[in-house]
Amino acid sequence: MSSTFVGMPAFPQAAARAVRDGQLRANLRRATHTIRDKRARAVAELDDWGELRAAGKAIKDHTLRHLDRYLVQLEESVTAAGGTVHWAADAEEANRIVAALVRATGETHVVKVKSMATQEIGLNEALAAEGITAYETDLAELIVQLGEDRPSHILVPAIHRNRAEIREIFAERMAAWGRPAPEGLTDRPAELAEAARLHLREKFLRARVAISGANFMVAETGTLVVVESEGNGRMCLTLPRTLISVVGIEKVVPSWRDLEVFLQLLPRSSTAERMNPYTSLWTGTTEGDGPSDFHLVLLDNGRTAALADQVGRQALRCIRCSACLNVCPVYERAGGHAYGSVYPGPIGAILTPQLRGTTSPLDASLPYASSLCGACYEVCPVAIDIPEVLVHLRERVAEQGGHPLERAAMAAAGYVLDHPAALAAAERLAGRTRALHPRRLPGPGRAWTDTRDLPQVPAEPFRDWWRRNRA
């Protein structure tokens with residue numbers, strides 16, 4: 001799915017269109033405010049939330065510093081438990097591995113439990129090119145797939161849709177993918193959920209191959225963990241004969257004791273629950289219980305490059321809770337599609353440019369998709385300093401070079417600020433000519449002043465006022 005994102009316009013253009021959609025903004029405002037208010041109450045129940053947050057940060061930082069050792073330990077543990085480990089350097093290699101594994105089973109249909117890594121690499125499209133149909137089983141992902149849409153939120157991919165829109169999608173599209181929606185379907189949540197349940201049950205009972213992601217991987221035992229709220233994950237992970245898990249290399253944790261910390265942090269930060277309704281864990285294969293063939297595809301796809309950046313690597317601590325999206329004023333107004341990535345919101349603004357680079361206009365614009373208010377850092381359960389990384393990435397984009405006029409203006413400003421006499425003269429000149437100043441900047445500066453007025457220059461520079469009144 002990521003391949004459909006890359007050709008999108010830069011964030012400012014995409015966001016400008018999104019903010020004009022009144023229905024979208026209403027849907028986002030209602031959903032994000034509801035989720036973040038519930039999260040605040042769930043977090044407030046714990047007196048030691050700050051200590052848990054610090055522990056999660058410390059565990060992730062330690063693991064990332066020794067990632068090579070823990071990944072080798074994970075491979076040894078998975079192999080000893082009867083699984084097979086595959087290493088994928090990029091999206092193309094990961095898709096090739098998964099497609100070959102599915103073809104080896106002779107099946108042409110697979111079920112999926114929600115996995116952002118497979119969306120990141122465009123796995124569904126790659127499988128379709130091989131004649132293999134992938135069925136999403138998470139309710140929100142099902143809505144997105146049936147509606148030929150794109151996800152717009154980490155936790156609730158169909159957050160941009162309201163109940164009436166979902167009913168219309170089910171009624172018009174469900175039959176093309178399997179069991180049709182019931183006659184007379186309304187937009188009552190219970191009816192919509194039942195329609196999805198009946199539609200998906202046939203998929204679960206017929207599937208012989210499942211594809212999953214994982215929230216965590218435990219190096220010491222080779223155990224993978226998926227947390228979810230609907231039970232579709234449990235069905236995907238236990239019923240099929242073959243299970244293929246595609247997981248980013250940063251999802252490993254050293255031990256079960258470390259896992260305990262994240263199983264407290266994640267549910268409260270994501271769904272505002274004390275624990276997830278379904279926490280599924282599997283370790284290799286066991287005769288007569290669950291899939292008889294298990295494959296783990298460890299995905300790099302830019303993560304090693306991010307790890308090499310001492311400032312940017314903290315983005316790899318992310319546990320995909322989506323708390324940063326729900327408090328972000330930019331995301332609330334622009335929505336997830338404007339980010340042009342499977343990872344929207346503040347975390348996407350720092351993760352996507354590191355995974356994909358900053359050579360395209362879209363990826364170069366993402367570090368600027370923020371007001372730097374810091375709300376994302378305050379709610380992050382593993383204390384990722386997103387504003388710090390945003391500024392760091394902005395510096396990287398600036399070093400690539402910009403518009404010639406912009407570079408010239410920055411060079412002139414740098415000279416003036418380095419020379420006090422020149423700065424004083426420039427301030428006096430600006431004050432005396434302020435009646436001639438435009439309200440909008442020309443050329444590349446228009447991007448700044450299209451949505452804001454230039455501040456009015458005072459008639460007298462502060463240094464002159466100070467000398468006259470305080471000297």
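A disulfide here is a pair of cysteine sulfur atoms within 2.5 Å. In general terms, that is a covalent bond between the sulfur atoms of two cysteines. A search through the whole structure turns up 0 disulfides. C318, for instance, takes part in none, and the nearest cysteine sulfur, that of C321, is 6.5 Å away. For C328 the closest cysteine sulfur belongs to C373, and at 6.4 Å that is too far for a bond.

Before going on, some bookkeeping. This is a predicted model, in which local features need pLDDT of at least 70 and side-chain atom pairs count only at pLDDT 80 or more, while totals for chains, interfaces and linings use all residues. Residues are numbered from 1 along each chain as its sequence is written, and side-chain values use heavy atoms, with hydrogens and water left out.

Are those two cysteines buried or exposed? I call a residue buried under 20% relative accessible area, exposed over 50%, and partly exposed in between, using a 1.4 Å probe and protein chains only. C318 has 7% relative accessibility, so it counts as buried. C328, at 9%, counts as buried too.

Now the helix pairs. Helices are DSSP runs of H or I with at least four residues, strands are runs of E with at least two, and both are numbered from the N terminus. Axes are lines fitted to C-alpha atoms, for helices over the stretch in contact, and angles run from 0 to 180 degrees between N-to-C directions. Angles under 35 degrees count as roughly parallel, over 145 as roughly antiparallel, 65 to 115 as roughly perpendicular, and the rest as oblique.

Take helix α17, residues 345–356, and helix α20, residues 386–399: they pack at an angle of about 40°, and their axes are 10 Å apart. That angle makes α17 oblique to α20. α17 passes α20 in a left-handed crossing, meaning that the near helix is turned anticlockwise from the far one by less than a right angle, where clockwise would be right-handed. Contact means heavy atoms within 4.5 Å. On the α17 side, the contact is made by P346, I347, A349, I350, P353 and Q354, and on the α20 side by I386, V389, L390, L393 and R396. Sorted by class, this contact has 9 nonpolar, 1 polar and 1 charged residues. The classes are as follows: Ala, Val, Leu, Ile, Met, Phe, Trp, Tyr, Cys and Pro are nonpolar, Asp, Glu, Lys and Arg are charged, and the others, Gly among them, are polar.

The second pair is helix α10, residues 163–173, with helix α11, residues 189–206; their axes come within 11 Å and cross at roughly 30°. α10 is therefore roughly parallel to α11. This crossing is left-handed. R163, I166, R167 and F170 in α10 meet P189, L192, A195 and A196 in α11. The contact has 6 nonpolar, no polar and 2 charged residues.

P420, L423, A424, E427 and R428 of α22 make the contact with R463, D464 and R467 of α24. By class, that contact divides into 3 nonpolar, no polar and 5 charged residues.

On to backbone angles. Most residues other than glycine have a negative phi. Which residues have a positive phi of about 50° without being a glycine? E148 is one of them, and N301 is another. E148 sits in the loop between α9 (139–146) and α10, and is exposed at 65% relative accessible area. N301 lies in the loop between β10 (293–299) and α14 (303–307), and counts as buried at 17%.

V19, in the loop between α2 (11–18) and α3 (22–44), is partly exposed at 34%. V19 and R333 are 314 residues apart in sequence, yet 5.8 Å apart in space, C-alpha to C-alpha. Not counting residues up to four places away in sequence, V19 touches R25, R333 and A334.

D138 is in the loop between β3 (133–136) and α9, and is buried at 9%. Its contacts, leaving aside neighbours within four places in sequence, are K112, K114, E230 and N232.
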